[in-house]
Amino acid sequence: MYVYILGGFLGSGKTTLLMKLASMYTKRGEKTALLVNESGEIGVDGATLKAEGYDAIELPNGCICCSLSGTLQSALRNIEKDIDPDVIIVEPTGLALPHKVKELVRVSMIDADETFIIGVADVQRFDDLIRKKEEFFTMQMSHADFVLINKSDLAKEGQIEEITSWIKKKFPGKPVISISAKTEENLDKVYEMMR
Amino acid sequence: MSDQEQTSLEIAGGCAVGFTGSISCYNADAEARFSKALLDVGKWVVEESGSLLGHIKAAIVKEDGSGITLNLTDLENGVEHHGRLDPQEKVSFSFMCAVLDVDEHELKHAMWHALEDTGLDYSLDEAPCHCHDHDHHHHDEEGCGCHHHHDEDHGHHHHDHGEECGYHHHHEDQEPRHGGERCCHSHKSSRYEEVEVGDAMLTGTFSDLRPESFMSILESMDSIWDWICSVDGAPELIEVTIAPEDADWAVITMTEKDFTLLEGKFPTCKKAAFRLECVAIGVNEKEIKHRAFHALEDSDVKNTINGQPYCGGSHGCCHN
């Protein structure tokens, strides 16, 4: 069983990517469980997934990397026991630190072969985010196994190159792919990188 | 996690708040109105923090959980709509916002106002007022879940239709919560025990109410509001309750300049009793009553006002 954690800031397109990845695994014939977390007491992503025909386990009202850490571990154990999936995709809140989630997966005692973090950056608000919350964004991306620059369909000329250069400078050696989860641009490259 | 350890939310300087509730008579227009509420909150966040770093979302669902979601992450892109929902008598909704660099309570406040401004027939599962520190004004024909809460903790003002209003004592006994800071109701910073609160009520009968009478009544309310401001008062509330004999009551409430709320359907009928109520800080009751009297006299709506004559002078006494 593989666990993927989608790490990225609020509104970076994690839920859209989650749906695409779930579809891809379903087409591959692999049993997939989705776990979504929202920091507010009101969960909306679960409804979004349901509206698009996906079932997901929702963990609202807190962050699974901190306040809901115990809930996350219980949920993972229940998923393993009840569903026994080939893949679990975890979408933490956009204010979560993915490496903390990964650590919680490790200590949750589920039989995961490997756990990966997919970092998701957002073309549109990259500059604002770096200007205002560079440290936080860096923390979010720092442990990603690879980084996706999402919303390439909305990028201005030269923007993708600039962001790629920033990420590569900050995290030398980390694979960076520009994608559009919405239009599915370059998603095939992402699928190739996934187990 | 130790008690001292910061949550990621705190590290990021973010906050996440939301409401749940239900909407009656849901249709495409309601969807568009809700969508506008998201945009309004988005604009507010940008005004407050300089950018919309985060997202504003809503789910509108039927009993079986199916429905639509709305998502706003960028004002230029607008609100994304997912799913499809046909007209429904009643739907549930979740409305949430997770963003950076804004005050959590003010965000909730802005969300509540955005919802109010939609004009949707909605109700919340939990009263939002506990964190709003407002002197809001509630109508409770069917009973409000937060009535006791308000009565005990706040200086809020409630009406149970058909009953006399008891808010006078709240106003006199309690300090205003707004303090004049960033207030959405155009209140002025004041302490009720230091500044006079004028509360005037006129009752009477409207005759020959037609659809266009609605605008005339609004103009009268508007003129009272403007007059209060012109004498350096702070209008709190102007409200007209119309009670036809054979139809449901309608209540027109003005709590902000250029913002009125109509509860119920404006009646068209030969006769209807009315009650006009005006509350303002810094203006005495007699002055407001006088002005309200003239506002109704000048209105195109035929009316008779109960009680004593409210103006002893000529018609020009206060019109200039």
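**Burial, sheets and a chain contact**

Reply: His109(B) counts as buried because 22 C-beta neighbours lie inside 10 Å of it. The cut-off for that label is 20 or more. Keep in mind throughout that this is a predicted model.

Me: Where in chain B is His109(B) placed?

Reply: His109(B) sits in helix α3 of chain B, which covers residues 104–117. His109(B) and Val41(B) are 68 residues apart in sequence, while their C-alpha atoms are 9.8 Å apart.

Me: How many helices and strands does chain B have, and what share of its residues counts as buried?

Reply: Chain B has seven helices and 14 strands. Of its 320 residues, 39% count as buried. For contacts in chain B with a separation of 6 or more, 64% are between residues 24 or more positions apart.

Me: How do I read strand pairing?

Reply: Strands of a sheet pair through backbone hydrogen bonds, and the pairing is either parallel or antiparallel. In chain B, strand β9 (residues 197–209) and strand β13 (residues 269–281) run antiparallel and are joined by twelve bridges. Ser207(B) has Lys271(B) in β13(B) as its bridge partner. Strand β10 (residues 234–244) of chain B is also antiparallel to β13(B), with ten bridges between them. There, Glu239(B) is partnered by Glu277(B).

Me: What is the strand order in the open sheet of chain A, and is the pairing parallel or antiparallel?

Reply: The order is β3-β2-β4-β1-β5-β6-β7 in chain A, seven strands with parallel pairing. An edge strand pairs on one side only, and here the edges are β3 (57–59) and β7 (176–178) of chain A. Neighbouring strands of this sheet are turned by 20° against each other on average, direction ignored.

Me: Which strands does β1(A) pair with?

Reply: Take its two partners in turn. Seven bridges link β1(A) to β5(A), in parallel. Between β1(A) and β4(A) there are four bridges, again in the parallel sense. Val3(A) shows both pairings: its bridge partner in β5(A) is Thr115(A), and its bridge partner in β4(A) is Ile88(A). As for burial, β1(A) is mostly covered, with six of its seven residues buried.

Me: How many bridges join β6 to β7 in chain A?

Reply: Three bridges join them; β6 spans residues 146–150 of chain A and runs parallel to β7(A). Within this pair, Ile149(A) stands opposite Ser178(A) in β7(A).

Me: Which strands does helix α4 of chain A touch?

Reply: Helix α4 (residues 98–106) of chain A packs on the sheet and touches β1 (2–8), β4 (87–91) and β5 (114–122) of chain A. Its direction makes about 165° with that of β5(A). Helix α5 (residues 126–141) of chain A lies across β1, β5 and β6 of chain A, at about 170° to β5(A).

Me: How should I describe the contact between the chains?

Reply: The size of an interface is often given as the accessible area lost when the parts come together.

Terms used: Residues numbered from 1 in each chain as written. Chains lettered and ligands numbered in written order. Predicted model: local features only at pLDDT ≥ 70, side-chain atom pairs only at ≥ 80, totals over all residues. Pairing = 2+ DSSP bridges. Helix = DSSP H or I, 4+ residues; strand = E, 2+ residues; numbered from the N terminus. Axes fitted to C-alpha atoms, helices over the stretch in contact; angles between N-to-C directions. Contact = placed C-beta atoms within 7 Å. Buried ≥ 20, exposed ≤ 12 C-beta atoms within 10 Å, placed from the backbone.
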